[in-house]
Amino acid sequence: MSNFPWLTTIGVIPLVGAGVVWALPKASARGSRVVALVFSLITLVVGIVAATQFKTGGGHGQFQLTETHSWIPQFGVSYALGVDGMALTLILMSLVLVPISLLAAWNDVPEGGRREQTYFALLLVLETFMIGVFAATDVFLFYVFFEAMLIPVYFLIGLYGGPRRQYAAVKFLLFSLFGGLIMLVAVIALYQQGPGGDHGFLVTTLTGLHMSTTTERLLFVGFFIAFAIKAPMWPVHTWLPDAASESKPAVAVLLVGVLDKVGTFGMIRFCLQLFPEASRWATPVVIILAIISIVYAAIAAVGQNDMMRLIAYTSVSHFGLIVLGIFALTQTSVIGSQLYMINHGITTAALFLFVGFLIARGKSKNITDYGGWQRTTPILAGVFLVAGLSALSLPGLNSFVSEFLVLIGTFQRYPVAAGFAVTAVVLAALYILLMYKNVFTGPKQELVAAPDGTLALGEDGTRPRTGITTTLFDEPEIAKDDVPPEARVRGSAIQDLNLRERLVAGLLIAFMLVLGFFPKPALDLLRPAVDATLQHVHVHDPAPHAGVTTEGSSK
Amino acid sequence: MTSAFTQAHITYAAVVPMLVVFGAALVGVLVEAFLPRSRRYWAQLAITLVGIVASFLTLVLSARNHKGVTAGAAVVIDGPALMLQGTVLVISFLAVLLMAERFDLSAPDAFTQSGASVPGSPMETNAVKLGATTTEVFPLVLFSIGGMMLFVSAGDLLVMFIALEVLSLPLYILTGLARRRRLLSQEASLKYFLLGAFSSAFFLFGSALVYGATGIIKFGDLASSIGTVTGKDDILIPGAFLIAVGLLFKVGAVPFHTWTPDVYQGAPTPVSGFMSTTVKVAAFGAMLRMFYVALDGLAWNWQPVLAVVAVLTMAVGAIFAVTQTDMKRLLAYSSISHAGFLLVGVVALNKTGLSGTMFYLVAYSFTTLAAFGMIPLVRSAGSEATHLSQWAGLGKTSPVLAAVFSFLLLGFAGIPLTSGFTAKFALFSGAVGHGATWLVVVAMLMSAITAFVYVRVIVLMYFSEPNGDTHVLMPSALTGIAVTVGALATLILGVAPAPLLNLAQHSALFIR
C-alpha cells in the first residue's frame, strides 16, 4: 500500500466531483450540493486513511507519500507530490473545512439551476488546487497550483459576491498575479542556479544550493513578495478586506482560512528552506513588517463596522503573528506558527460562517444594524461568543496554545518584538468583545420577520432601524418608543440556528476544544518538520537556560 | 567572386513544400479565371486546403530529410525554417477555415462581394445583384503563405526581400476587402500599403548598405566576414539597423507599430487573425535568422537596441491596451505587447532563447487565431459587435462562447495550465540564462498590466448585465473546427508541452 498514489487520489476525487456536479442535468440541479458534499466527505475519508500511512517517527526523509513522475523534462519539471507534517496537517485542515463550508453554503445560491451547479463545482475545483499546492514538492508544480488557484476564487467572488464584487475580484486577482509574476522570475532564475536536469525543480534538489549572496537575496525577495501578498502582510494586505467582505462566507473561509496559508506555508517551505542565508539577512525587516501587521490590522479591526471586513483584519493581524513566529526561528516559535496556521483556519472559519448565519437573518453586514440579537437568536450568540473567544486566544481554546507558543518562542530571541506582539492579544479582546456587545447584547429588538425567518425589510427596501449605536463606543440608549412601529411585531419569529447550522457550529467548536485541550497529536506531526526546517536554516535556539522543553537542533 | 556563371543546384526535395503552395496558388488563379462563379467557392476552398495539407505532408515526409543549403545558398532549409514553415502551414489551414466561413450567405461572410467597386456605388449594387463573390482571397492567401515560407528559409538578403514582398502584397489587398465598414477597411489597406512600402524600402536600403560594407549578400558568408570587416562600421551598422526597421515593422514593434491597431480593426476579422499569427511567425523567423546568423557578429551593437525596443514594445502594447474599447484594437495592442515578449527571447541570443521563441510563436498563434475566430460570431444589427460594451453579459447569454473566449484570454495572460504560461516560461528561461533578468522583470510587470486588460474583458462578460441587441451566431463546422483546435492547443500545450518543446529544442539549430 505504500506505493499507492494517495495524494493524487485525494486531489482527483474533488475534481471528479466537480465534473459530476457540473454535468448534472437541469432537473436534478438541486442535488448538486448533496453530490458536492458527498464528494468532499469521501475526500476527507481518503485523506484520513492517507494520514494513517504517514509515519511520525524520524528517518523517513523530508517527504512521505511521495510520487514523482517526469512532466516537462525540458524545463526540469516533475509531477512530484509529497508531504511532511506541516503539509499534511494543512491538507487535513482543508479537507475538514471544505465539507463544513459546503454545509454552511447550502443556501448560498437560492435561485438554483446552472448557477448553483457552477458554484459548487468551483468550490470542489478549488479543493483540488488547495491539496495540490500543499502537496507539491516541485517548485514549478507548486507555482502552477499557486496561480491556477486564483481562477476559481476569482469567479467565486466575481459571480457570487456582494455589490462591489467586480472591484474585489479584480483587485484580488491583480494583487495575486502581480506577486505571482515576480515569483515566476525567481522560479526561473532558481532553476538556473540549481543543477538542472530532468528533475531540477524538486525542492530536495534545490535545497542547500551554493549561490552568491546577492543572487540568493534577490531570489528570496522574489519569493517573499509573492508570499507576503498572499499571506497577506502589511502593506500589501489591502485586497483581503475587500475580497473577504464581498465574497460569500463559505468562500471567505476557504480564501482566508486555507488559501492565505499558502503564503505562510511558502515562507517556511521555500523562503527558509531554499534561501537560509537570505532568510536570516531579511529577518529584521520581516519582523518589523510582521509587528506592523499585527498592531495596525488589530487597530483597523477595532474601527470596522462591516463584520466581514473586521474578521479579515483580525486575520491580517493573526497572520502577522504567524510570520513573526516563522522568522523568529526558534523551535517553539516555528512550531507555534505551524500550529497557528491550523488553528487560525478553524477559528476564522467559525467566525466567517457564524457571521454568515447572522447576515443571512439580519440582511446586513454592518454592526450598527444589529443589537440585542442574543435574545432573538441565543444559540447563534453562544457559538459566536465561543468563536470570538477562540480568536482572542482564551486558554482552553485552540488559538491560545499556538499564540502562546509563538509569543514565548519569539521572546527567546526578540523580546522587544514579542512585547509589541502581545498588544495584539489586548486589541483582540477589544475588537471581538465590542463586536459581540454591539451585535448581541442590549435590549431585545422587536423585529419584523419575513416568512422565511429572516428579517423583513421595509417597503422601500431599507431595514427598520433596530440598532442603536452610531459609534462603537456608544451605550445603547434606545427607548421603546424610538423603535418604528413596523419593527415591533413578530421579532421572535426570526429563527435561531437550524439543525444544519448547528451541525456546522458544533463541529467547529469541537475542533476548537480538542485542539485547545489536547494539541499533542498535531504537535507530534509537526515537530519533525520544524526540526528539518531549522536544520536547513542552521540556527540554534538561543540560551537554553530559558527552560525550553525542546531539545534544540544541531547541525 | 567568379566570373563564369555556374548554375545553382536546387535540392527539390527540400523546397517542394513551397513549390506545392505556389503551384496551388497558380491553379487557384486559373480557377478564378475559368470556373463559373457558382462553383468557385468550393473549388477554391478545396484547392487551398488540399494545397496546404499536401505542402505540410511534403514538409514532413521529404523536406525534413533534406536539410541543408540549396539553390546557391538562396534558400536554407534547417531546423528553424522547417519548424516555422510547418507552423505557418498549420495556422494558415485554420485561418483559411475561418475565412471560408459563410454563415447563411452564399459567399464568405467576411469579404465584400466586389472589392473593386466604390463602396455604396451603383457598381457595387450591380455586382451584388449579379452574385459576385470574392473567392480570389484564397489564391491571395496561398501566395502570402508561400512568401512566408520563403521568408523564414531565405538564405540571402535579396531572397529575403523578395519573400517579404511576396508575403506582403497579398495582405495589402486582403486588408481592403471587408464586407462591412468598407471605407474603414480600404483606409486600413492604404495605410498598411504605404507604411509597408516604406518599411520594405528601409529593408532594401539597409541591405544595400550591408552589401556595400561587405560585398556579400549571403547570410552564411556575411556571418563569417562581418568579424573581419574593419573601418566600414559607418555603413555596416546603419545598414544592419535599417534591415531591423524593415523586420520590426512586420512584427509591429514600437516605434513601428502604429499601423497595427488600424489595420487589425479595418481588415476582415479572419484576415486580422491570419496577419497577427502567421505574419508574426514568419517575421520573427526571418528576424531570428538575420540576427542569429547574419548579424551575429554585431551582437554587441544590436542587442542593447533590441532590448530597448522590446521594453518599449511591451510597455506601449500593455498600457495602450488598457484604454481600448474595441475588441479588435484590444487584441491588436495585445499582439504588440506579445511581440515585445518575443523580442525578449530574440535578445537572449542563445539556444534556449531560440527554441523558446519558436515555442511561444506556436502557442501564441493558436490562441490568437481562435480568439479572432470568435469575434465574428458576436453580432449586433447585422455586423460584428466589436465594441467592448457589446460583449457585456455574454457569460449569461452564450455561456460556451464566453467560457472559451475567457479561457483564451487566460492563455494570453499566461495563467498556468494554459499554453501562454509554458510559452512564457520557455521564452524567459532563455533571457534569464543570458543574464537579461532585468528584461524579464520588466516583461513580468507588463504581463501584470496586460493581465488586467484580459481580466477586464472576463469581468465584462461574466459580471455585467447583458445588453439587449447583441446576439451570437451559430458557426458552421469551419469556424467550429478552427476555434476548437486553437482552444485545445492552448490547453494541451499548457498541460503537456513536452513533445512540442522537444521539437523546438531539436529544431533550434541554424545552418549557415
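Two strands count as paired if DSSP finds at least two bridges between them. The model I am reading is a predicted one.

**Entry 1. Strands of chain A**

I looked up strand 1 (residues 64-72) and strand 2 (residues 77-83) of chain A, and found 6 bridges joining them, with the two strands running antiparallel. I picked out one bridge: A:Thr68 has A:Ala80 in strand 2 of chain A as its partner. Strand 1 and strand 2 of chain A make a hairpin, with 4 residues between them. In the turn I noted A:Gly76, where phi is positive, about 75°.

**Entry 2. Sheet of chain B**

In chain B I found an open sheet of 3 strands in the order 4-3-5, paired in antiparallel fashion. Which strands are at the edges? They are strand 4 (383-384) and strand 5 (470-472) of chain B, each of which pairs on one side only. Strand 3 (residues 378-380) of chain B is joined to strand 5 of chain B by 3 bridges, and this pair is antiparallel. I checked B:Ser380 and found that B:Thr470 in strand 5 of chain B is its bridge partner.

**Entry 3. Helices 6 and 7 of chain A**

I turned to helix 6 (residues 150-160) and helix 7 (residues 165-193) of chain A, whose axes come within 8 Å and cross at roughly 165°. Helix 6 and helix 7 of chain A are therefore roughly antiparallel to each other; the cut-off for that description is an angle over 145 degrees. The crossing of helix 6 of chain A with helix 7 of chain A is right-handed. I listed the residues that make the contact: helix 6 of chain A gives A:Leu150, A:Val153, A:Tyr154, A:Ile157 and A:Gly158, and among those from helix 7 of chain A are A:Arg165, A:Phe172 and A:Leu177. By class, the residues of this contact between helix 6 and helix 7 of chain A are 9 nonpolar, 3 polar and 1 charged.

**Entry 4. Helices 13 and 14 of chain A**

Next I looked at helix 13 (residues 276-302) of chain A and helix 14 of chain A, with axes that come within 8 Å and cross at roughly 155°. That makes helix 13 of chain A roughly antiparallel to helix 14 of chain A. Left-handed or right-handed? Helix 13 of chain A passes helix 14 of chain A in a left-handed crossing. Residues that meet here include A:Thr283, A:Ile287 and A:Ala301 of helix 13 of chain A, and A:Leu310, A:Tyr313 and A:Phe327 of helix 14 of chain A. I noted 17 nonpolar and 5 polar residues in the contact of helix 13 with helix 14 of chain A, and no charged residues.

**Entry 5. Loops of chain A and chain B**

Most residues other than glycine have a negative phi, and most peptide bonds are trans. I looked for exceptions. Phi of A:Leu329 is near 60°, a positive value in a residue other than glycine. I placed A:Leu329 in the loop between helix 14 (307-328) and helix 15 (331-362) of chain A.

A:Ala231 and A:Pro232 are joined by a cis peptide bond, with omega about -15°. A:Pro232 is in the loop between helix 9 (213-230) and helix 10 (239-246) of chain A. In chain B, a cis peptide bond joins B:Val254 and B:Pro255, with omega about 5°. I found B:Pro255 in the loop between helix 9 (233-251) and helix 10 (259-266) of chain B.

**Entry 6. Helices 3 and 20 of chain B**

Helix 3 (residues 79-99) and helix 20 of chain B pack at about 140°, and I read their axes as 8 Å apart. That makes helix 3 of chain B oblique to helix 20 of chain B. On helix 3 of chain B the residues are B:Gly79, B:Pro80, B:Leu82 and B:Met83, which meet B:Leu503, B:Ala504, B:His506 and B:Ser507 on helix 20 of chain B. This contact of helix 3 with helix 20 of chain B has 5 nonpolar, 3 polar and no charged residues.

**Entry 7. Where the chains touch**

I counted 26 residues from chain B and 25 residues from chain A in the contact. Helix 17 (419-434), helix 18 (437-463) and helix 20 (498-507) of chain B each supply at least two residues of the side of chain B that touches chain A. Which helix gives the most to that side? Helix 18 of chain B does, with 12 residues. The side of chain B that touches chain A has 20 nonpolar, 6 polar and no charged residues.

Methods: Residues numbered from 1 in each chain as written. Chains lettered and ligands numbered in written order. Predicted model: local features only at pLDDT ≥ 70, side-chain atom pairs only at ≥ 80, totals over all residues. Axes fitted to C-alpha atoms, helices over the stretch in contact; angles between N-to-C directions. Parallel < 35°, antiparallel > 145°, perpendicular 65-115°, else oblique. Left-handed = near helix turned anticlockwise from the far one by under 90°. Contact = placed C-beta atoms within 7 Å. Nonpolar A, V, L, I, M, F, W, Y, C, P; charged D, E, K, R; others polar.
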